[in-house]
Amino acid sequence: MFITGTILGSFFNVVGLRLPKNIPFTTSRSACPHCSTPLQARDLIPLFSYLIAKGKCRHCQHSISVTYPLVELITGFLFLVAYLYLGLSWEFAGASLLISLAVIVTVSDFHYMLIPNKLLLFFAATFVIYRTISPLQPWYDSIFGALAGFVIIFLIILVSRGGMGAGDMKLLGTLGILLGFKLTLLTLFLATLIGTVVSLTLLAFKVIGRKDPFPFGPSIVLAAVISYLYGFDLLRFYYDTFFL
Ligand SMILES: [Zn+2]
């Protein structure tokens, strides 16, 4: 499952980089961004190609961004965790969809500070199909989840003027279909927590400046994966701790 994840991760990386620029990601071959030499089969093995070539292009020796193997590694890790936690189940199928969206959003938002509408529409449709086959209890919890994600971030955008964008609003709305009402709220809460901790840490170490835009999409999708896998455990822990 880890290996499958790394292979998918390598594909998601390409989708995240190409989709916002409208480059087809199924037909055109990958090439070295520096010397444009097309990559061959042996350059396309997740993780290993990067390690064997020591992070350099075999032709021009230009160094290749460490984000490529990093995305493959993280995707492999997430698929492994989801599989160990859920086994081969319908819930695992849902987790696979969610992880796919999460990785593509993260790549795209970090590189271009945007989340492509096409991507969200595709996954919104996929989540609707998934929740039609495997509905939440009650089924309309998907609608409440989508509305909650959309409306709450819309209000935050109105009040805060910046910080969050329309992409974040559409993203949480899309995730709401899969997650339902409670887990969508939990996702927003965890995303704010993750986003705040990460951005303050990066500020403290002067990786980013006070004025630098910081993408919120990656925090949202990471929070959504945590909520999907461990959300009800977290909520139970919360109730047991504070409402005994
Ligand atoms: Zn090259």
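A nonpolar core is a set of buried Ala, Val, Leu, Ile, Met, Phe, Trp, Tyr and Cys residues joined through side-chain atoms within 4.5 Å, where buried means under 20% relative accessible area (1.4 Å probe, protein chains only). The model is predicted, so local features need pLDDT of at least 70 and side-chain atom pairs count only at pLDDT 80 or more, while totals for chains, interfaces and linings use all residues. Residues are numbered from 1 along each chain as its sequence is written, and side-chain values use heavy atoms, leaving out hydrogens and water.

The largest nonpolar core has 49 residues, and Leu101, Leu171, Leu175, Ile220 and Tyr228 have the most contacts inside it. Helix α7 supplies the largest share of this core, twelve residues.

Helix α7 (residues 166-204) packs with helix α5 (residues 117-133) at an angle of about 15 degrees, their axes being 8 Å apart; axes are lines fitted to C-alpha atoms over the stretch in contact, and angles run from 0 to 180 degrees between N-to-C directions. Helix α5 is therefore roughly parallel to α7, a term for angles under 35 degrees. Contact means heavy atoms within 4.5 Å. Among the residues that meet are Phe123 and Phe127 in α5 and Leu171 and Leu178 in α7.

Leucine 178 lies in helix α7. Why does leucine 178 count as buried? Leucine 178 is buried because its relative accessible area is 0%. Leaving aside residues up to four places away in sequence, leucine 178 touches Gly94, Leu98, Phe127, Tyr130, Arg131, Leu136 and Tyr228.

How values were computed
Helices (H or I, at least four residues) and strands (E, at least two) are DSSP runs, numbered from the N terminus. Angles under 35 degrees count as roughly parallel, over 145 as roughly antiparallel, 65 to 115 as roughly perpendicular and the rest as oblique. Buried means under 20% relative accessible area, exposed over 50%, partly exposed in between (1.4 Å probe, protein chains only).
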